[in-house]
Amino acid sequence: MVRFFVQPENIGEREILVQGDDVNHIKNVLRMKQGDALVVSCGRGTDYECVIREIQEGRVFLDIREERPAVSELPVRITLFQALPKRDKMELIIQKAVELGAAEIVPVRTRRCVVKLDDKKEEKKLARWRMIAEAAAKQSGRGRIPEISEILSFEGALDRARDMDAVLIPYELYEDMPSSVQAMKNAARGESIGIFIGPEGGFERGEVERAIGSGARPISLGKRILRTETAGMTVLSVLMFMIEGKE
């Protein structure tokens, strides 16, 4: 069933008001009509099964048929700390991370990042990335729109991750696969996980050492060297499987 997100203030006890770009999507793209069913989420973990009561110019009124907790959210909060990649790779990373259950994506500047953004470009990028996160959340049936943080320095990212139950950092020079599997199993038992992914050139050794000094666990992702846009998705996929498989 098609899904939309609305602001909590537009949700009443028995009806929901849809405004903005979603009105055009409902009317002119999906060509929905009175009586058609759809799902609305407040973006905070609650889903509302609704039917269209009335379509006006710029507004759609929905009647709430059922309210229920969103079942698509992972019980563990996963934050992806993604070093800024080149070109538009971040858009793909955000889209897939949202589909795989990440609660937050934090763009990170590291020593080997090639991308340099001034304040104006950063603001435009963040707005674009947040739109992609919302679209991916709709498509994948999420009950929340994952957060896209402001860009942090590597040290700022380590500070953000300090209170998480587990922090994992894939590192191509770490070869202990049994220990890596156990580290991910242990992480899946907690309530919050941070995943640090380097840029195209990887993390510098000093950055990995600082992360380990802050409590991160190095892990191996196998004998192959993965691209930055692949590494995070690999860890997220394994963790999603482990977390949902234990329920």
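A: Let's start with arginine 3, which touches Val39, Ser41, Asp47, Ala137, Lys138, Gly141, Arg142 and Gly143, leaving aside residues up to four places away in sequence. Contact here means heavy atoms within 4.5 Å. Keep in mind that this is a predicted model: local features need pLDDT of at least 70, side-chain atom pairs count only at pLDDT 80 or more, and totals for chains, interfaces and linings use all residues. Residues are numbered from 1 along each chain as its sequence is written, and side-chain values use heavy atoms, with hydrogens and water left out.

Two of those neighbours deserve a second look. The arginine 3 side chain makes a polar contact with the side chain of aspartate 47 at 2.9 Å, and the arginine 3 side chain also reaches the backbone oxygen of arginine 142 at 3.0 Å. A polar contact is a pair of N or O atoms within 3.5 Å; within protein, one must be able to donate a hydrogen and the other to accept it, and residues adjacent in sequence count only if both atoms are side-chain atoms. Is arginine 3 buried or exposed? Arginine 3 has 12% relative accessibility, so it counts as buried. The cut-offs are under 20% relative accessible area for buried, over 50% for exposed, and partly exposed in between (1.4 Å probe, protein chains only).

Arginine 3 belongs to strand β1. Strands (E, at least two residues) and helices (H or I, at least four) are DSSP runs numbered from the N terminus. β1 is part of an open, mixed sheet of five strands, in the order β1-β3-β4-β5-β2. β1 (3-5) and β2 (15-18) are the edge strands, each with a single partner, so one side of each has no neighbour in the sheet. From one strand to the next, the twist averages 40 degrees (axes are lines fitted to C-alpha atoms, and angles run from 0 to 180 degrees between N-to-C directions). Two strands pair if DSSP finds at least two bridges between them.

Now follow aspartate 47, the side-chain partner of arginine 3. The bridge partner of aspartate 47 in β5 is arginine 68, and glutamate 49 has glutamate 66 of β5 as its bridge partner. Strands β4 (residues 46-56) and β5 (residues 59-69) run antiparallel and are joined by 10 bridges. Their hairpin has two residues between the strands, and glycine 58 there takes a positive phi near 85 degrees. β5 also pairs with β2, again in the antiparallel sense, over four bridges. In that part of the sheet, leucine 17 stands opposite phenylalanine 61 of β5.

Glycine 12 lies in the loop between β1 and β2; it has a relative accessible area of 34%, so it is partly exposed. The glycine 12 C-alpha is 14 Å from that of valine 60, although 48 residues separate the two along the chain. On the way to β3, arginine 31 sits in the loop between α1 (21-29) and β3 (37-41). Most residues other than glycine have a negative phi. Arginine 31, however, has a positive phi near 55 degrees, and with a relative accessible area of 59% it is exposed. Arginine 87 also has a positive phi, near 55 degrees. Its place is the loop between β6 (77-83) and α2 (89-99), and arginine 87 counts as exposed at 61% relative accessibility.

To put the spot in context, the protein chain has seven helices and 12 strands. Its C-alpha trace spans about 60 × 45 × 30 Å along the principal axes. Of the 247 residues in the chain, 49% count as buried, arginine 3 among them. Among contacts with a separation of 6 or more, 74% join residues 24 or more positions apart.

Aspartate 176 caps the N-terminal end of α5, with a side-chain oxygen 3.1 Å from the backbone nitrogen of serine 179. The buried residues of α5 are Ser179, Ser180, Ala183, Met184, Ala187 and Ala188, and their cover includes β10 (166-170), β11 (192-197), β12 (217-219) and α7 (228-245).
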